[in-house]
Amino acid sequence: MIEEKFKSVIIWIGCVLLVVFCLTPFLYMILISLSSSPDFLTKLGQIEFSFKNYYSVLSSKSLHFIDYLRNSLIISAASAFFCVIIAGLGAYSITRLALPGKMLILFFVLAVSMFPQISLVGYLFKFMSSIGWINTYFALIFPYVAWILPLSLWILVSYFAQIPRDLDKAALIDGCTGWQILRKVIFPVAAPGIFSVSLLSFIFAFNEFMFALMLTIDYHSRTIPVGIALFQGLHGEIPWGNIMAGSAIAVIPVVLLTIIFQSYIIQGLTRGSIKG
Amino acid sequence: MEYHTFSELRESYAFILPLMIFILIFVLLPVLGTFINSFFRDISFMQRKFILFENYKQLFNDSDFYGAIRFTILFILVSVPLEIILGLIFALILNEAVPFRGFLRACVLLPWAIPSAISGRLWELIFNYNYGLANFLCIKLGISTGPINWLGSSLGAFLGIVIADVWKTTPFVTIILLAGLSSIPIELYSQAKVDGSNFLQRFHKVTMPLLKPVLIVALLFRTIDALRIFDLVYVLTHGGPGGATTSLSLYSYRYFLAGDFGYGSAISVVLFVIAFILSVVYIKLGRFAELGT
């Protein structure tokens, strides 16, 4: 079985390359964040470990790092919450109720998800300015919910469609209303789907950049990706140690969610894009 | 025709209504507003004026606009095939009975999961001229004799963006293709093995034909996504040097930032139309094929 041997060697090499490709930048980020100067590669072997980058990022009030992180967590959690509820209602209507033009709505929503963000942001800025929402959480939560709804709807429709009709028929005979069936039958049975939509919505909102850049002004509502993107040194030299320490802390929530719940994320992504 | 009672219809509309309202107010109205605005001279602190196609006429003579189109198309043509090929290789590996499969899948997901603004910053440091990892590796591995001016030269900046984007989005392609691969019945492979075909023949005769619909979906998804690239160019190169890596989204954003909403809108309408055509193609090819069955 020379072919089998050869194949397993190739696969082993592939696995190693895959891990190197994916993780090297992360390791580099952590190394820089833990070294006292970012140029340790030029004087190899002389890396000087210190936590001063983490300390200065977390303690310096003027950097507002904690504010950005808090804003991001609140905005992403709120967006994910509303997204699941609203997409859940919609998916229930599409899979269970007598909604005319279901397919049309699904394809319309799919088309919406392909719109470039830039074709919204100019008008959104004017709209948010006119109602005084610029630099508030609302300015981001509402567009995020609308933005993530199409994908959430598609994922939930695929989950809801698999639930046997008999379950909600039984509940209907027991005298439950639509809302009660959704809450007491559909949501619990489709819990994995609900969870994967929540995770994906959270990650998408947490990572969003353009809206956050345009619709926030300062630490009152600015999110962490924008905070880190605009992080500049006071005296010209870019404080790479601080930026990498900040980045390392900022990615902890999404990295943990990804590692722990990878199967839910993979499920959601595949259902949202190919399984329909 | 199905027949439904009024109360049934009312309930079904009530459940879909919040979703429709959100999309109407925060997606459709903004797109419509942008479209209307592209026919106006609309600059902050100036009188708004209807000018019909003036903005579009100006676009036709704007060499920076053509530059942005050229960069965006080049970026799609280079990065998307790389992502598909690399994603396919990763998916083929992960589809085998490899050890630590969960660990490998988590590794693949991580670059995708972090904000692209943050990975942009990370790659900015990696491509640092004096002490970045890229130049360190290039010199150690003998790829280059001296440090490469990654972000300071047009070609270097372009390659830098492609590399950072491939790192970030290959995971997505991998996941999609992996789902496609795992749905291919294993019997087909054992049958092909019995028939005495080798690995490459099986890939050519079994894997590729069955994976084709999923490949098309991944390809179109990535194309539409690459078309609207913004975060990475904003953070990594700021569109430079000298506008060499300014994408259509970034070019439009610059006008919004400067308060010129009319011209910025015209640029984004062009981008919107291209994306819309592509997404119609995608829906026709990808979805109807599956839902029709």
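**Entry 1: the helices of chain A**

Helices here are DSSP runs of H or I with at least four residues, strands are E runs of at least two, and both are numbered from the N terminus. With that settled, I read chain A from its N terminus and wrote down α-α-α-α-α-α-α-α-α-α-α-α-α. That comes to 13 helices and zero strands.

A note on the ground rules: this is a predicted model, where local features need pLDDT of at least 70 and side-chain atom pairs count only at pLDDT 80 or more, while totals for chains, interfaces and linings use all residues. Residues are numbered from 1 along each chain as its sequence is written, chains are lettered from A and ligands numbered from 1 in the order in which they are written, and side-chain values use heavy atoms, with hydrogens and water left out.

**Entry 2: chain A as a whole**

I looked up the extent of chain A, and its C-alpha trace spans about 75 × 70 × 35 Å along the principal axes. Of its 276 residues, 57% count as buried (under 20% relative accessible area; exposed is over 50%, partly exposed in between, with a 1.4 Å probe and protein chains only). I then checked contacts, meaning heavy atoms within 4.5 Å. Among those in chain A with a separation of 6 or more, 73% join residues 24 or more positions apart.

Chain A exposes about 11,700 Å², and carbon and sulfur atoms supply 71% of that area. Such areas come from the Shrake-Rupley method with a 1.4 Å probe, and for residues only the protein chains shown count as cover.

**Entry 3: chain B as a whole**

Next I turned to chain B, which has twelve helices and two strands. Its order from the N terminus is α-β-β-α-α-α-α-α-α-α-α-α-α-α. The C-alpha trace spans about 75 × 75 × 30 Å along its principal axes. I found 53% of the 293 residues of chain B buried. In this chain, 65% of the contacts with a separation of 6 or more are between residues 24 or more positions apart. Chain B exposes about 13,700 Å², with 69% of it from carbon and sulfur atoms.

**Entry 4: a bend in chain B**

Where does H9(B) bend? I placed the bend of about 55° at B:Lys212, and a proline, B:Pro213, follows within four residues. (The bend is the angle between axes fitted to the seven residues ending at a position and the seven starting there.) Helix H9 of chain B covers residues 199-227 and spans only 36 Å between its end C-alpha atoms, whereas a straight helix of 29 residues would span 42 Å. The expected span is 1.5 Å times one less than the number of residues.

B:Met208 lies in this helix H9 and is partly exposed at 27% relative accessibility. Leaving out residues up to four places away in sequence, I saw that B:Met208 touches B:Leu88, B:Phe203 and B:Leu215. Its C-alpha atom is 9.4 Å from that of B:Leu181, which is 27 residues away along the chain.

**Entry 5: two positive phi values**

Most residues other than glycine have a negative phi. I noted A:His64, with a positive phi of about 60°, in the loop between helix H2 (52-59) and helix H3 (65-96) of chain A. A:His64 is partly exposed at 22% relative accessible area. I also noted B:Leu52, where phi is near 50°. B:Leu52 sits in the loop between strand E2 (49-50) and helix H2 (54-60) of chain B, and is partly exposed at 39%.
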